[in-house]
Amino acid sequence: MSSPPPAGIYIHLPFCLRKCPYCDFYSEVGTEERRRSFLVALHQELALRADRNLDADSLYFGGGTPSQFAPVHICAIIDRVSALFHLSQDSEITLEANPGTVTREALEGYRAAGVNRINLGAQSFNDENLSFLGRIHDARDARRAIAAARRAGFTDLGLDLIYGLPGQTRQQWQADLEAALAAAPAHLSCYMLTYAPGTPLDEARAAERIRPLPEEAVAGLFELTVETLTASGFVHYEVSNFARGGSPPAWSRHNRKYWNGAPYFGFGPAAHSFDGSRRSWNKPDLDAYCKALDRGYPPPGGREVLTREQRMTEAVFLGLRQTEGIDIGDFQVRFAVDAEQLFDRAMADLVDEGLAATDGRRFWLTRRGLLVADAAALRLASCF
Ligand code: SF4
């Protein structure tokens, strides 16, 4: 039996300076005291779940705003993870940073602590857009943070951008893409603005205070993104993600684990874990998290053992989000099914509609198909 691929370790740091109106991630503004209590609890959770047999080759600090934590705290977490798990020497260690919170000194500190990949949540280089998104930074801060990251020695620099804002034109989005490309990042994540239920942005939409950009216009911006970035040498490898070309491309090793069914272990409130067949999660509740760990108990949450059917469904949904698509032979081996026969009709229909393509070995979505990736995956998943 082949050994499982190396795992990813995720640390959820659930604090932000201010909540952005579109965001449904678990985070709070918090106080210094709550941040301190959280750090104590996080170290307890790491110790409680220590496993020197767990081979990992990526560590990801997400949130929330990890860059709200000083380098000394990030360093202590990296040291703790390295002592309690088997984190390989060449691990990818990523920290998400908000351009409104970083200084060159802090970035140098993160680098000295072992962080080798920085992901800046620039979101836009247009001040009006940044203000609409409720961000704490402006375009000048974003440029300053990029320059500071460079001076601190980060060559592996990623930028996050958001498009599809109400009223956004192709010219405006093109200007954002060009500003991002001018920073010569190794990685770009371009997300469509979504109206997540329960967020202030969704309430504004429901009350008709804002009018979302029509679907066709958003689709046009997606096409523009793919054309512009691939023409600039980026590899489009997942619906929203682009890596600087090379061999291998500068893709996110950590995030590819989620899409490829590799194991990952999450720490912190709201963090999820997956060991290949079992999924577990911590409740998104900081108080309950700290209270349980203070008493020496695991934090409250849930767990489920995935059935074969659930694992197949996940493999279809996650596979089709990637431009490489699904490896038909690999799917057959993993799930002991004749994938070609199983998906025969649904695959043929998607190909006929111009949403998918196949070379007999792999099955992937076309650019048009990627726009409706979940609906296409549902059609395959309904075959079993
Ligand atoms: S900074 Fe990031 S995590 Fe925090 S509220 Fe804004 S989008 Fe959400």
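Hi everyone, let me start with a definition: a residue is buried if 20 or more other C-beta atoms lie within 10 Å of its own, exposed if 12 or fewer, and partly exposed in between, with C-beta atoms placed from the backbone. This is a predicted model, where local features need pLDDT of at least 70, side-chain atom pairs count only at pLDDT 80 or more, and totals for chains, interfaces and linings use all residues. Residues are numbered from 1 along each chain as its sequence is written.

First, the whole chain. The protein chain has 15 helices and 15 strands, which are DSSP runs numbered from the N terminus (helices: H or I, at least four residues; strands: E, at least two). Of its 384 residues, 40% are buried. The C-alpha atoms fill a box of roughly 60 × 55 × 45 Å along the principal axes.

Now to strand β9, residues 264-267. Tyr264 and Gly266 point one way from the strand, Phe265 and Phe267 point the other way, and all are buried. Strand β1, residues 7-13, runs parallel to β9, and 4 bridges join them; strands pair if DSSP finds at least two bridges between them. Ile11 has Phe267 in β9 as its bridge partner.

Finally, two helices. Which residues of α6 meet α8? They are Arg170, Trp173, Gln174 and Leu177, and on the α8 side we find Gly220, Leu221, Leu224, Thr225, Thr228 and Leu229. Here, contact means C-beta atoms, placed from the backbone, within 7 Å.
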